[in-house]
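Subject: Model handover

Hello,

I am passing on the model we spoke about.

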Amino acid sequence: MVKMIPFLDLRAAYEEIHDELESAVLDSLRSGWYIGGQDVEAFEEDFAAYTQTDVCIGVGNGLDALHLALLAMGIGAGDEVIVPSNTYIATWLAVSQCGGIPVPVEPGESTYTIDPGRIEAAITPRTRAILPVHLYGQPADLDPILTLARKHGLRVLEDAAQAHGARYKGRRIGGHGDAVAWSFYPGKNLGALGDAGAVTTNNPEIAGRIRVLRNYGSSVKYVNEVKGFNSRLDPVQAVALRVKLKYLDEWNARRASVAVRYARELAGTGLVLPRVPVWAEPVWHIYAVQHAKRDEIQKSLQAAGIGTLIHYPIPPHMQEAYRGEGYAAGWFPIAENMANRVLSLPMGPQLDDASVTAVIAALKVATQT
């Protein structure tokens with residue numbers, strides 16, 4: 001029987017720390033406190049310290065983190081926000097939920113993240129913010145983005161849903177821009193037991209607005225200052241995240257070891273491998289390669305019992321959800337080309353050496369046929 005190698009094994013991650021995780025969750029359940037409270041505050045403090053920021057505000061999920069952060073920055077109807085053309089659709093949806101207009105900018109062809117050199121041409125009098133995404137666990141090039149933002153008086157919200165622990169020029173992602181939105185979806189490098197998210201920031205005004213917005217627009221019970229939302233990180237997720245946070249650096253290091261083997265042993269196969277700039281320390285949430293015969297390679301790996309995914313098969317501008325914006329095929333050729341060529345290989349801290357060897361061997365066969 002062929003050994004199945006999953007794209008990501010969440011159960012293996014759970015099994016590695018199940019005693020500590022179950023004990024923390026059980027203590028939370030026994031506390032009788034199920035919304036807010038000390039467990040949530042403790043995680044917020046821990047994650048703020050980890051990301052080298054002043055404040056962390058827990059929310060219900062990653063999309064809410066983006067949405068509420070944009071609202072806290074004053075983004076509203078008709079405001080333009082520059083977004084990558086190559087990203088998960090949540091980045092765009094958050095702008096749309098504010099009544100804003102996503103303005104796509106193409107990525108660098110070798111890094112997958114937004115190309116800073118293309119941003120200024122997309123800025124108009126209606127532009128209010130830039131929303132770079134630290135895609136696949138690799139930081140976007142922030143310094144030129146922040147320079148442009150200062151020049152034009154724009155906010156910068158970073159989407160770090162895939163970049164827990166990543167560093168840009170030696171400093172952890174978390175507080176370079178005005179705010180950073182995080183997802184703790186279970187499959188993330190720091191994943192909860194369900195949906196969860198957060199915003200980190202060094203701006204006390206933005207932090208205060210998000211706290212109000214996440215809680216029905218209220219900072220005092222039954223006194224509603226604005227039309228808010230119900231988006232709160234619950235204590236069970238907070239304690240699970242607090243346990244996992246202690247293992248994040250070790251687990252990211254294991255991911256990096258897998259990435260090193262992929263880079264070394266897949267060289268010369270015809271696959272286009274990720275390029276890491278000298279200023280980036282990625283955390284390898286996803287190890288994405290490119291090949292013109294991507295679909296055939298994926299089928300070959302599937303037949304060998306190896307799980308893969310495509311991030312992402314349809315760019316946001318080609319989704320049915322944005323048909324009304326008038327986009328057409330060919331408008332963003334780099335993102336469209338990536339959608340047709342990118343394949344994400346198995347990656348995770350519990351991926352053992354034998355499995356990595358099997359993936360590499362199967363890829364060498366698949367790329368030669």
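The notes below cover the sheet, the helices lying on it and the pocket.

This is a predicted model, in which local features need pLDDT of at least 70, side-chain atom pairs count only at pLDDT 80 or more, and totals for chains, interfaces and linings use all residues. Residues are numbered from 1 along each chain as its sequence is written, and side-chain values use heavy atoms, with hydrogens and water left out.

The sheet

Helices (H or I, at least four residues) and strands (E, at least two) are DSSP runs numbered from the N terminus; two strands count as paired if DSSP finds at least two bridges between them. On that basis, seven strands form an open sheet of mixed pairing, in the order E1-E9-E8-E5-E4-E2-E3. Strands E1 (55-59) and E3 (101-105) stand at the edges with a single partner strand each, so one side of each has no neighbour in the sheet. From one strand to the next the twist averages 30 degrees, with axes fitted as lines to C-alpha atoms (for helices, over the stretch in contact) and angles running from 0 to 180 degrees between N-to-C directions.

Strand E5 (residues 155-159) has four of its five residues buried, meaning under 20% relative accessible area with a 1.4 Å probe, protein chains only. Strand E4 (residues 127-130) pairs with E5 in the parallel sense over two bridges, and Ala129 has Arg155 as its bridge partner in E5. E5 also runs parallel to strand E8 (residues 179-183), joined to it by three bridges. Here Glu158 has Val180 as its bridge partner, while Leu157 stands opposite Ala179.

The helices

E4, helix H6 (residues 142-152) and E5 make a right-handed β-α-β unit: with the strands pointing away from the viewer, the path from the first strand over the helix to the second runs clockwise. H6 lies across E4 and E5, at about 150 degrees to E5. Helix H3 (residues 38-50) lies across E1, E8 and strand E9 (197-201), at about 130 degrees to E1. Contact here means heavy atoms within 4.5 Å.

The pocket

Which residues lie nearest the centre of the largest pocket? They are Tyr88, Gln162, Ser183, Tyr185 and Lys188, out of a lining of 30 residues. Helix H4 (62-72), helix H5 (90-97) and E8 each supply at least two lining residues, and H4 gives the largest share, three residues.

Regards

Note on methods. Buried means under 20% relative accessible area, exposed over 50%, partly exposed in between (1.4 Å probe, protein chains only). On a 1 Å grid over the protein atoms alone, a cavity is a set of points where a 1.4 Å probe fits but cannot get out, and a pocket is an open set with protein on both sides within 12 Å along at least five of seven lines; lining residues have an atom within 4 Å of a point.
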